[in-house]
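The sequence and structure come first, and the commentary follows.

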Amino acid sequence: MKIQLRTWGLLSMTAILALSLSACGSGSGEKANDKAGAAPATAAPQSTTPVKLRIVWWGSQARHDATLKALDAYTKKHPNVTFEPEFSGFDGYADKLATQAAAKNAPDIIQMDPAWLAEYSARNQLADLSKGINTADIDKSLVDSGKYKDKLYAIPLGNNATGMIFNKNAVDKLGVTAPKTGWTWEQYWQFGKDAKAKLEKDKYVLMDATSDYTTYASYQISQGKGYPITEDGKFNFDKDTWLTFVKKYSELRDAGVVPPAEIASTDKESDAKQDLMNNDTVLMKRTFAALLPGYESVKPATYSLVGQPKGTQSSGFLKPSMFWSISADSKNIEESKKFIDWFINDQEAADILTTTRGVPVSKKILEYLTPKLTPADKQQVELIKAVAPDAQPFNPGAKGWSNYTAKDYKTIGEKVMFGKVTPEAAYDELVKKAKEYQ
């Protein structure tokens with residue numbers, strides 16, 4: 001394959017920090033999509049003009065390998081099209097992409113997270129994809145997740161759901177009862193205590209979620225208090241709920257159920273070596289269904305998925321795993337659209353990519369691929385089905401708040417973990433910092 005390879009860092013497993021979206025629609029979107037001009041135009045003769053497409057994504061080694069094979073397959077079909085891939089783990093991806101986009105030097109094809117879509121769209125940094133890509137076989141709700149102000153700027157690449165991943169082999173060996181979807185937060189924390197009682201001293205059960213906005217958001221919505229940052233950008237942290245959550249993790253830290261701060265803060269989500277699940281430091285952590293293939297690629301036949309704990313309401317939500325977008329500054333927009341259309345609708349592409357970006361979005365492709373799904377693939381499908389009936393509403397992240405939820409919240413949470421501030425003082429910091437965004 002004629003590919004100039006560029007990496008952004010460690011090759012590691014995907015992480016999605018964003019809050020998300022209802023992805024399992026009713027399947028009623030075909031006519032709506034056709035009316036919106038989603039179907040591609042009549043096929044043009046094969047071009048012979050040489051084109052090099054820069055393409056960027058984050059992900060696990062399994063995703064990297066599959067994507068590179070897909071690019072190779074596309075070039076064999078279209079010899080005039082070659083690729084310049086740029087890929088990395090999730091850490092640092094958002095910052096580098098933002099820098100490139102600001103300099104009008106973003107790659108042609110961009111793997112986009114739902115949490116960033118509104119900001120990039122509002123800054124006119126993404127091309128309109130309303131025409132030229134066939135989305136007729138994708139549920140309308142999933143297609144609409146890629147829209148901003150009624151224009152389509154992103155094509156969903158996978159169905160996804162929130163959940164928990166745990167080392168089933170290790171849990172079975174400990175002799176503790178494995179968790180089941182439908183469990184409560186109290187049962188989740190008790191599971192941590194029960195498993196810790198049988199673990200060696202330097203091993204832990206749960207992740208410390210004090211600095212993890214995504215886990216806290218799930219907890220707050222499960223208590224019927226709504227999202228901590230509303231979709232329209234309002235600060236909505238419930239003080240009592242947040243203090244209860246943070247103090248519970250302080251208790252678990254003292255009991256050794258979660259790692260001490262100096263260990264917990266080293267976790268690099270989905271990194272092959274530094275993810276605390278991958279290096280056997282913890283037995284369970286928050287995840288998304290689409291991340292399972294990456295974990296399985298490190299330790300096959302080891303992990304199981306379970307739904308997130310419930311409060312008075314469910315805490316889980318459905319979402320697109322990620323999108324393909326095209327830079328508004330690309331000189332190759334039409335060629336990029338042709339590639340994306342092939343990527344989501346072609347059976348050869350599906351055979352190569354399988355579920356490395358989540359459950360395929362095309363209903364025809366999913367039907368074609370289902371007999372070939374592995375046990376791990378089927379776990380993804382089952383989690384999505386389990387979350388769907390009472391899934392929380394979609395909140396992709398408010399425009400302008402991504403730094404707050406991904407960075408500021410983490411910084412303040414880690415101060416609590418290291419004992420530098422009290423939970424009460426940390427809450428005051430959250431309030432003060434939020435005023436910079438409102």
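Glu-335 and Lys-338 both belong to helix 12 (residues 333-345), where they stand 3 residues apart, about one turn of the helix; helices here (H or I, at least four residues) and strands (E, at least two) are DSSP runs, numbered from the N terminus. The two residues form a salt bridge in which the closest N and O atoms are 3.7 Å apart, the term denoting a side-chain nitrogen of Lys or Arg within 4 Å of a carboxyl oxygen of Asp or Glu. Glu-335 is buried, with a relative accessible area of 13%, whereas Lys-338, at 40%, counts as partly exposed; buried means under 20% relative accessible area, exposed over 50%, and partly exposed in between (1.4 Å probe, protein chains only).

## Basis of the model

This is a predicted model, in which local features need pLDDT of at least 70 and side-chain atom pairs count only at pLDDT 80 or more, while totals for chains, interfaces and linings use all residues. Residues are numbered from 1 along each chain as its sequence is written, and side-chain values use heavy atoms, with hydrogens and water left out.

## Salt bridges across the chain

By the salt-bridge rule, the count comes to 27. One of these pairs is Asp-95 with Lys-407, whose closest N and O atoms are 2.8 Å apart. This pair links distant parts of the chain, since Asp-95 is in helix 3 (residues 93-102) and Lys-407 in helix 16 (residues 402-417), 312 residues apart. Asp-95 is partly exposed at 41% relative accessibility, and Lys-407 is also partly exposed, at 36%.

Glu-424 and Lys-247 likewise meet through their side chains in a salt bridge, with an N to O distance of 2.8 Å. Because Glu-424 lies in helix 17 (residues 423-434) and Lys-247 in helix 9 (residues 239-254), the pair ties together parts that are 177 residues apart in sequence. Glu-424 is partly exposed, with a relative accessible area of 33%, and Lys-247 is partly exposed at 40%. Elsewhere, Lys-140, Asp-144 and Lys-147 are linked in a network of salt bridges.

## A buried charge without a partner

Glu-296, in helix 11 (residues 292-298), is buried yet has no salt bridge, and the nearest side chain of opposite charge, Lys-299, is 11 Å away; in this count Lys and Arg are positive and Asp and Glu negative, with His and the chain ends not counted. Leaving aside residues up to four places away in sequence, Glu-296 touches Ala-301, Thr-302, Tyr-303 and Ala-376, a contact being heavy atoms within 4.5 Å.

## Nonpolar cores

The largest nonpolar core has 71 residues, and those with the most contacts inside it are Tyr-188, Leu-206, Phe-237, Trp-242 and Met-284; such a core is a set of buried Ala, Val, Leu, Ile, Met, Phe, Trp, Tyr and Cys residues joined through side-chain atoms within 4.5 Å. Helix 9 supplies the largest share of this core, 6 residues. Apart from it lies another core, of 53 residues, among them Ile-55, Ala-66, Ala-70 and Tyr-148.

With residues up to four places away in sequence not counted, the contacts of Met-284 include Met-164, Ile-165, Phe-166, Tyr-188, Leu-206 and Val-306.

## Strands and their neighbours

In strand 10 (residues 303-306), Tyr-303 and Leu-305 point one way and Ser-304 and Val-306 the other way, and all are buried. Strand 10 pairs with strand 8 (residues 159-167) in the antiparallel sense over 4 bridges, pairing being assigned if DSSP finds at least two bridges between two strands. Leu-305 in strand 10 is the bridge partner of Ile-165.

Ser-88, found in strand 3 (residues 81-88), is buried, with a relative accessible area of 1%. Ser-88 and Trp-58 are 30 residues apart in sequence, and their C-alpha atoms are 4.9 Å apart in space.

## Positive phi angles

Most residues other than glycine have a negative phi. Asp-150, although not a glycine, has a positive phi of about 70°; Asp-150 is found in the loop between strand 5 (147-148) and strand 6 (151-152) and is exposed, with a relative accessible area of 73%.

Asp-280 also has a positive phi, near 65°. Asp-280 sits in the loop between helix 10 (261-264) and strand 9 (284-288), and is partly exposed, with a relative accessible area of 35%.
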